[in-house]
Amino acid sequence: MDSQRQFSPSSDTSTQLPPHVETNSTDGLLVELEELMGHEFFNIAPKKIYVYGQLPAHGVIRLLTLEAGFKYSPLRGSLKQVSIDEFPRYEALSYCWGSPDKPQSIQIDGGIMNITESLHSALVRLRRMTKSRLIWADALCINQNDNIEKSQQILLMPQIYSSAFRALAYLGDEADGSDSAIQLHEKIGDISFNALPEKSVTIEWLEAHGLPGYKDSVWLAWSKFWRRSWFRRAWVLQEFILGKDIVIICGRKKIQWKKFVSATEKMQEYNLLRWSASPEDTSDGLTDAHSGAAAMLGMMAVKSGSSLSSGIAYYIRSFSEADGSTLQQLESHKSLTEKLPGLKETILLLREDPSMIEPVIKIFENNMAALGLSELTFSTIQQPLIHLLSLFDRSEATDPRDRIFSLLGLASDGTDEEFRPDYNESIETVSRRFSLGFIQKGYGMRVLLLAGLSNEVPNYPSWVPDWTKPGVMERRVLCARALWAPSSAYAAGGDIESNIRISENENVLLVSGCRVNTISRLGMDASESTRAATDIFMLKPFFDEADDIINPDPAMVYIPTGENMAEVYWRTLIGNKGMNSAEATEDYAQQYEQCRYFFDNNTLDSLTSVEQLFSLNLYYGCVVSLLTTYRVCIANEFVGLVPTQTEVGDIVCVFIGGATPFIIRPSAEIDGAFQLIGGCYIHGLMRGEALKSPLWEEEVFSLH
């Protein structure tokens with residue numbers, strides 16, 4: 001038998017390295033230098049550097065025994081190898097790595113291992129005073145300097161977290177008023193919002209329900225709580241979703257994750273984070289807060305789908321406390337309501353008496369537990385990898401490749417050969433390889449919708465999205481809306497199967513479609529602006545230039561569709577999509593008028609408070625979401641929105657089976673080939689009109 005497969009659950013080893021032995025760790029060399037100086041000048045005996053023992057190829061992990069100790073005593077522990085078939089009772093740590101610097105240390109089996117400040121803080125917080133604790137922590141239990149071991153251990157992550165009896169989600173030390181923020185979050189969870197008209201939370205409503213006033217500092221503390229890096233960390237996703245019993249720890253506070261559900265949903269649905277806005281706040285800070293909350297909601301949704309019990313609890317809370325307009329979405333959850341015919345009626349009754357929500361949920365959970373339906377069901381969690389990348393679009397990772405690799409344990413296709421994790425590959429190679437895998441699995445058009453030429457990644461083929469950078473969906477938000485609401489999606493290329501294939505040159509993609517027209521004029525490029533208050537008034541020149549290009553005269557007719565130009569105008573500026581990604585309804589026309597009136601009659605200097613901006617409606621939100629990534633265009637007789645990188649002379653084409661038209665540009669490098677600029681909105685070409693035209697002439701485009 002292979003000698004590498006023979007092992008015992010004994011500790012890894014710690015040795016004193018001789019001067020001539022090289023390690024892969026810069027930290028190790030610095031420690032050696034420090035010890036050499038200490039020995040030469042201060043007669044201090046050198047410390048031993050911890051050295052990992054080799055793991056067998058498959059089915060073995062390390063666990064950390066964290067020894068007991070007082071708060072300020074040095075951290076001590078030991079690592080032992082354990083077979084996945086013989087797991088002892090242990091806890092799994094979920095935390096954010098933070099800075100890669102390693103100013104702290106832990107003694108492991110008599111050796112020293114340097115660790116980050118964040119891991120040191122977590123271990124000090126979790127260490128008991130009189131009893132040791134068995135923990136799995138990635139930075140210690142995986143040799144981070146061994147790429148082969150890392151690639152193998154990643155595939156075991158689902159078992160590691162689902163086998164732990166508890167997951168410890170450590171958000172960090174108490175800071176920025178986090179204790180007050182958690183108290184506010186719990187209070188929001190206890191308040192009923194279902195009688196609130198049109199999801200409109202006012203200052204008066206806040207105060208009437210015992211919540212802090214608009215300028216109370218606790219709102220900013222709440223926002224800063226959601227900006228904590230843990231919420232956006234890529235590895236947290238599977239750690240939280242697969243963990244059986246999650247305890248959220250922040251400073252000295254502990255919260256069970258289920259208590260977080262109700263308030264987090266209300267925060268998103270009623271846009272409560274807007275009350276944390278302040279003049280001194282930054283756009284990036286607000287974006288991080290919203291991203292953290294969105295990630296938590298995504299994790300809760302996926303986790304709640306892991307068992308019938310969790311699913312029932314999630315939907316009861318969601319719909320019992322939601323705005324009345326959201327109730328229609330109940331019909332889209334027939335898989336759950338058919339299993340429990342009385343569920344819908346129960347929700348309607350609970351809306352009349354919200355105080356009964358938690359007691360009713362408890363009854364359901366107890367009944368499901370008695371039937372054995374409360375345990376994690378891994379197969380119900382799994383979704384295709386490309387769906388998970390879209391769902392957790394804002395996740396972040398120290399190693400950009402981990403934005404993809406961290407989701408493999410949750411993906412239904414995560415163990416497929418084309419998606420194997422390989423830390424020896426470059427970032428560019430990983431993105432291209434995974435894009436090819438998605439295309440081979442039939443997701444080619446989804447890949448193209450999220451791709452496009454970018455100055456930030458010049459080495460990528462234009463048809464390869466940068467999966468390793470947060471915000472793939474955000475950078476292509478107009479196209480992404482076709483993925484968020486498939487039932488009301490665009491269908492420029494018809495409801496037929498696309499024709500996409502890889503050429504002999506793996507950098508070139510072959511796509512069938514037709515040229516439609518050419519870009520002849522472009523509107524304002526606002527890609528350098530932000531969503532801060534000072535840049536909100538960029539909408540004024542944006543509207544003015546759009547007036548000049550499209551001319552919203554209601555007496556004029558838009559030739560491609562026969563509509564009046566006033567309607568074409570307001571629909572085009574938002575890609576004819578509302579905030580819920582469904583087709584914009586007629587009431588958006590009135591909202592457009594209100595939005596225009598605001599910007600035509602106000603300036604930044606004339607505002608008396610930031611609160612005035614809160615009165616802006618959904619139309620404003622739709623325009624702002626597209627403002628920095630798209631610009632108005634004319635393409636012969638058509639008008640539309642195109643990516644900001646578009647140039648006059650670029651070609652509008654429709655690919656067979658594509659949700660949107662696409663902008664392409666003749667290549668300067670390969671004769672007869674094109675570069676993909678990105679998907680776009682062309683009014684009058686979004687419902688398959690081009691395929692029905694007598695001018696349709698199919699050709700194969702080579703994209704590189």
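Student: Which residue stands opposite Y681 in strand 18?
Tutor: L641 stands opposite Y681 in strand 18. Strands here are DSSP runs (E, at least two residues), helices are runs of H or I with at least four, and both are numbered from the N terminus. This is a predicted model, in which local features need pLDDT of at least 70, side-chain atom pairs count only at pLDDT 80 or more, and totals for chains, interfaces and linings use all residues. Residues are numbered from 1 along each chain as its sequence is written, and side-chain values use heavy atoms, with hydrogens and water left out.

Student: How many bridges do strand 14 and strand 18 pair over?
Tutor: Strand 14 (residues 638-643) and strand 18 pair over two bridges, in the antiparallel sense. Pairing requires that DSSP finds at least two bridges between the strands.

Student: What order does the open sheet have?
Tutor: The four strands run in the order 12-13-14-18, with antiparallel pairing. At the edges are strand 12 (521-522) and strand 18 (681-682), each of which pairs on one side only.

Student: Changing topic: what is the phi of N551?
Tutor: It is near 60°, a positive value in a residue other than glycine. Most residues other than glycine have a negative phi. N551 is in the loop between helix 24 (539-550) and helix 25 (565-572).

Student: And where does N576 lie?
Tutor: N576 lies in the loop between helix 25 and helix 26 (587-601). Its phi is near 55°, again a positive value in a residue other than glycine.

Student: Is N576 buried or exposed?
Tutor: N576 counts as buried, at 9% relative accessibility. Buried means under 20% relative accessible area, exposed over 50%, and partly exposed in between (1.4 Å probe, protein chains only). N551, with a relative accessible area of 34%, is partly exposed.

Student: Now the surface: which residues form the positive patch?
Tutor: K71, R89, R128, K131, R252 and K254 form it. Like charges are joined within 9 Å, and nonpolar side chains (Val, Leu, Ile, Met, Phe, Trp, Tyr) within 5 Å. R89 lies in the loop between strand 2 (75-83) and strand 3 (91-94), and R89 is exposed at 63% relative accessible area.

Student: Which residues gather in the patch of negative charge?
Tutor: They are E117, D173, E174 and D176. D173 is in the loop between strand 7 (166-172) and helix 6 (178-190), and D173 is partly exposed, with a relative accessible area of 48%.

Definitions and conventions:
Patch = residues over 30% accessible without salt bridge, like charges linked within 9 Å, V, L, I, M, F, W, Y side chains within 5 Å. Areas by Shrake-Rupley, 256 points an atom, 1.4 Å probe, with all protein chains shown as cover. Salt bridge = Lys/Arg side-chain N within 4 Å of Asp/Glu carboxyl O. Lys, Arg positive; Asp, Glu negative; His and termini not counted. Charge placed at Lys NZ, Arg CZ, Asp CG, Glu CD.
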